[in-house]
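Have the viewer open as you read.

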Protein chains: 2
Amino acid sequence: MEQETHLSESRPASPGTLRPGGRTAKVRGAVLDATRDALADSGFHALNMDRIAASAGVGKTTVYRRWGSPVGLVTDLLHDMAEQSLPAADTGGLAGDLRANAELVRDTLTDPRMGAVFHAVIAAAACDEECARALAGFYRTRLAEWAPVVTRGVARGEIPEGTDPVELLRAVSAPLYYRFAVTHEELTADVAERAAAAALAAARAGVFPTP
Amino acid sequence: MEQETHLSESRPASPGTLRPGGRTAKVRGAVLDATRDALADSGFHALNMDRIAASAGVGKTTVYRRWGSPVGLVTDLLHDMAEQSLPAADTGGLAGDLRANAELVRDTLTDPRMGAVFHAVIAAAACDEECARALAGFYRTRLAEWAPVVTRGVARGEIPEGTDPVELLRAVSAPLYYRFAVTHEELTADVAERAAAAALAAARAGVFPTP
DNA sequence: ATCTTAACGGAACTTGCTTCCCATTAAGGA
DNA sequence: TCCTTAATGGGAAGCAAGTTCCGTTAAGAT
């Protein structure tokens with residue numbers, strides 16, 4: 001998406017980087033909103049540059065020039081999502097915090113609009129290397145935000161010293177995403193509850209040591 | 001002598017169902033092999049009906065008629081995979097059996113050919129409802145095959161009475177698939193080991209009761 | 001306020017996926 | 001074995017997707 005700046009090169013940088021204000025930002029907002037809508041309505045397979053341009057009220061040339069393909073749209077949507085961070089819970093106990101995390105993941109994935117976006121993101125990441133990197137980056141930052149929850153738990157003596165925070169948080173998310181992306185089972189409150197409880201039990205047993 | 005009885009309808013059944021032997025089976029085999037190859041080489045987004053027909057040595061009309069779309073090809077590939085069942089391990093202990101299961105999943109997903117197929121299947125399931133059902137069915141049978149491993153563990157007293165076998169097995173698979181499909185992290189032997197250990201610890205803590 | 005040019009938008013153009021048609025081949029039953 | 005017709009295969013036509021051209025608009029600098 002970005003290209004090296006060469007002194008001798010006359011090719012301009014990718015559109016949107018030199019004049020990111022005003023109109024450019026407006027266009028991006030409209031296109032990403034249209035993309036979210038389209039994904040919620042008809043899913044990733046029906047994502048169509050032409051229709052996105054029409055429903056965003058921008059020229060389709062612009063959409064092709066700046067995003068290139070449906071996968072490019074989803075990748076940028078992912079970058080947009082990575083910028084908005086929501087704070088981690090602090091219920092006073094690790095069990096409660098992990099439950100809150102599992103509930104947050106569940107709420108996100110079961111929300112029709114968000115769920116569709118995540119289905120699309122996962123599908124796009126399976127097709128495109130750059131989108132996969134963007135997705136990995138998204139979760140790296142998301143999990144890092146919640147890491148303090150685990151370190152506080154260690155400090156309180158709720159789980160063993162030397163527990164890897166990110167590894168524990170991955171264990172909370174994994175069952176939810178497994179059902180969401182692989183087996184397409186319903187994500188009940190029960191499933192989230194068990195995900196948090198199972199991860200905590202494993203952490204207590206010392207299964208997640210720092211490497 | 002008689003075909004499907006249509007009282008008012010003249011449309012024949014879908015191709016391949018009335019004469020499934022000989023040539024029809026041969027065509028299906030060639031097309032599914034070509035699909036596997038194409039997925040391993042260039043991934044799901046590059047899956048192209050025309051090219052599949054060419055490399056399978058069959059008419060492209062046939063591919064369109066019988067499978068309809070890339071998603072249809074992947075869905076049929078999934079049905080094909082569901083038919084071949086591999087037996088569960090029996091190491092004499094639940095910990096060993098779960099480790100074996102985790103290793104099996106890891107080996108499957110890290111195999112370049114199989115891994116590409118699973119990436120495609122997950123992407124296709126995110127786009128298509130029927131493919132999602134086929135994928136869910138695939139795992140239902142796969143996990144059912146391994147359920148005896150858990151019931152033996154319960155009988156040996158390694159985990160509490162009333163542990164849900166499938167729920168425990170899902171817990172073993174989840175971290176591996178989460179990394180594979182969502183965060184696209186490398187699946188090391190270590191990850192498989194931890195997945196089995198974490199699931200076992202959670203089961204011992206009684207986190208997976210039958211509903 | 002004025003200027004330069006980054007970025008946008010409409011429309012024509014091109015590509016390639018998909019379907020239709022009909023001749024050919026062979027599966028399954030008598 | 002022969003017969004019926006399910007299923008396949010090649011090519012041409014149809015259509016929607018993606019691409020390019022070039023004039024217009026407005027962001028950011030002076």
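What follows covers the ground rules, the symmetry, a helix and an arginine.

This is a predicted model, so local features need pLDDT of at least 70 and side-chain atom pairs count only at pLDDT 80 or more, while totals for chains, interfaces and linings use all residues. Residues are numbered from 1 along each chain as its sequence is written, chains are lettered from A and ligands numbered from 1 in the order in which they are written, and side-chain values use heavy atoms, with hydrogens and water left out.

How do the two chains relate? Here are the numbers, from a least-squares superposition on C-alpha atoms of residues with pLDDT of at least 70 in both.

| Item | Value |
|---|---|
| RMSD, chain B on chain A | 0.1 Å |
| Turn | 180° |
| Shift along the axis | 0.0 Å |

That's the relation of a two-fold axis. In chain B, B:Ala123 comes closest to that axis, at 2.0 Å (C-alpha).

Now for α9(A), residues 189–204 (helices are DSSP runs of H or I, at least four residues). Just after the helix, A:Gly206 takes a positive phi of about 80°.

Over in chain B, B:Arg106 lies in α5 and counts as buried at 18% relative accessibility. Beyond neighbours within four places in sequence, B:Arg106 is in contact (heavy atoms within 4.5 Å) with B:Leu187, B:Thr188, B:Ala189 and B:Ala192.

How values were computed
Helix = DSSP H or I, 4+ residues; strand = E, 2+ residues; numbered from the N terminus. Expected span 1.5 Å × (residues − 1). Buried < 20%, exposed > 50% of the residue type's maximum accessible area, 1.4 Å probe, protein only.
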